[in-house]
Amino acid sequence: MIRTAVIGLGTMGTGMVATLARAGMAVSAYDVSADQRANALPAISAANQVLNALGMPDKGGDVAPRIVDSLADCVADADLVIENVPEKLDLKVEVLHQIDALVSGSCVLASDTSGIPITKLQADVSAPGRVIGMHWSNPPHIIPIIEVVAGAQTSPETVSWMVETVTGLNMLPVLVKKDVPGFVENRILYAIMREAVDLVEKGVIDAESLDTCVSWGIGYKLAVVGPMALLDMAGLDIYQAVGSYLNEDLCARKDVSALIAEKTGRGDLGMKTGGGMFDYTPEQVGELRAARAKKLVAVRRALET
Ligand SMILES: NC(=O)C1=CN([C@@H]2O[C@H](COP(=O)(O)OP(=O)(O)OC[C@H]3O[C@@H](n4cnc5c(N)ncnc54)[C@H](O)[C@@H]3O)[C@@H](O)[C@H]2O)C=CC1
Ligand SMILES: Cc1ncc(C=O)c(C(=O)O)c1O
């Protein structure tokens, strides 16, 4: 039985813990926040209900995840530690350094970073060959892909082990061949997000209509036909003709839009604070999460047919 420790029980952590335990791993989890630790088990239970709806086999048996109040207890005897703290390079390096001092020489240190190059994270770890990117997608218990990313010093054995481990989670490992910022999924997502925010900021479309356009247009289509296949479906000549005038006109800003920066500056972060691009009551957050999980399950089942 693989002993796995998850460090960080925020947006990603509880669904991740549910997925790992469901696959039969012995899971411990830690968060520096007592509130996050206190709220973890109900959230893990809710994620398990979704895994039931997905028909995910339950190899977890009666072994419940342990929510512990110290990093040392969490990572003791771990075979795999998944770092899942906020997307700040210095914090991640510090947490990995703390973990490194507590684990055995064979423990794999994985980061769920959204796109910080693994090479930057592994530099000061005692055995950098055991450091690897394990980038889940939100919600982690529903979206099946996990990007596997090697840093410059990651060993081939660690890569092979991670691909096999992700497969054992009933998830789809996506091997990213170069340690570029944002890896693959987020480079594409952030290109889309940059253009989407720019269109709303410029008044080309309102936020709600943009979501309708993207979700029922390219979002729906790309769920069935990937971008490379879509080129062939549309015709490469069409892409070349449209791209020849459109590419130079797309948003190419190097910074983050004021529309976003002003909101984050006010602490308006989205569902986790009750307001961001839209406003939410606590009840609406719960209702939305449940409704979206139900739809994602239905769509995934349709895509799996
Ligand atoms: N939110 C998303 O859609 C996705 C986020 N990610 C990445 O996953 C990581 C975590 O993201 P979220 O869960 O969204 O962040 P979050 O902010 O919701 O949760 C982070 C958690 O880490 C805890 N934490 C902070 N410092 C800590 C420490 N020193 N030790 C233990 N716990 C600590 C916080 O209390 C918080 O509960 C980030 O690197 C993020 O970029 C990856 C995929 C999707
Ligand atoms: C906005 C945003 N940023 C990062 C990630 C993943 O790393 C996601 C996601 O997984 O959905 C996201 O929506």
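Colleague: Which helix gives the most to the shell around ligand 1?

Modeller: Helix α4, residues 89-100, with three residues. Helices here are DSSP runs of H or I with at least four residues, strands are E runs of at least two, and both are numbered from the N terminus. Before we go on: this is a predicted model, where local features need pLDDT of at least 70 and side-chain atom pairs count only at pLDDT 80 or more, while totals for chains, interfaces and linings use all residues. Residues are numbered from 1 along each chain as written, chains are lettered from A and ligands numbered from 1 in written order, and side-chain values use heavy atoms, with hydrogens and water left out.

Colleague: OK. Which residues come nearest to ligand 1?

Modeller: D31, Q36, E87, K92 and S114, out of 25 residues around ligand 1 (a heavy atom within 4 Å).

Colleague: And what is the polar contact with D31 like?

Modeller: A polar side-chain atom of D31 sits 2.6 Å from an oxygen atom of ligand 1; a polar contact is a pair of N or O atoms within 3.5 Å. Ligand 1 also has an oxygen 2.9 Å from a polar backbone atom of T11, and one 3.3 Å from a polar backbone atom of V85.

Colleague: How much of ligand 1 does the protein cover?

Modeller: 80% of the 830 Å² of accessible area that ligand 1 has on its own, by Shrake-Rupley with a 1.4 Å probe.

Colleague: Switching to ligand 2, what surrounds it?

Modeller: S114, H135, S137, N138, N186, L189 and Y190. Helix α7, residues 185-201, supplies the largest share of that shell, three residues.

Colleague: Which polar side-chain atoms does ligand 2 meet, say at S114 or Y190?

Modeller: An oxygen of ligand 2 is 2.7 Å from a side-chain N or O atom of S114, and a nitrogen of ligand 2 is 2.7 Å from a polar side-chain atom of Y190.

Colleague: Now the fold. In what order do the strands of the sheet run?

Modeller: It's an open sheet of eight, β3-β2-β1-β4-β5-β6-β7-β8, with mixed pairing; strands pair if DSSP finds at least two bridges between them. β3 (66-68) and β8 (172-176) are the edge strands, each pairing on one side only.

Colleague: How do β1 and β2 pair?

Modeller: In the parallel sense, over five bridges, with β1 at residues 3-7 and β2 at 26-30. A5 stands opposite S28 in β2.

Methods
Polar contact = N/O pair within 3.5 Å; in protein donor to acceptor, adjacent residues only side chain to side chain.
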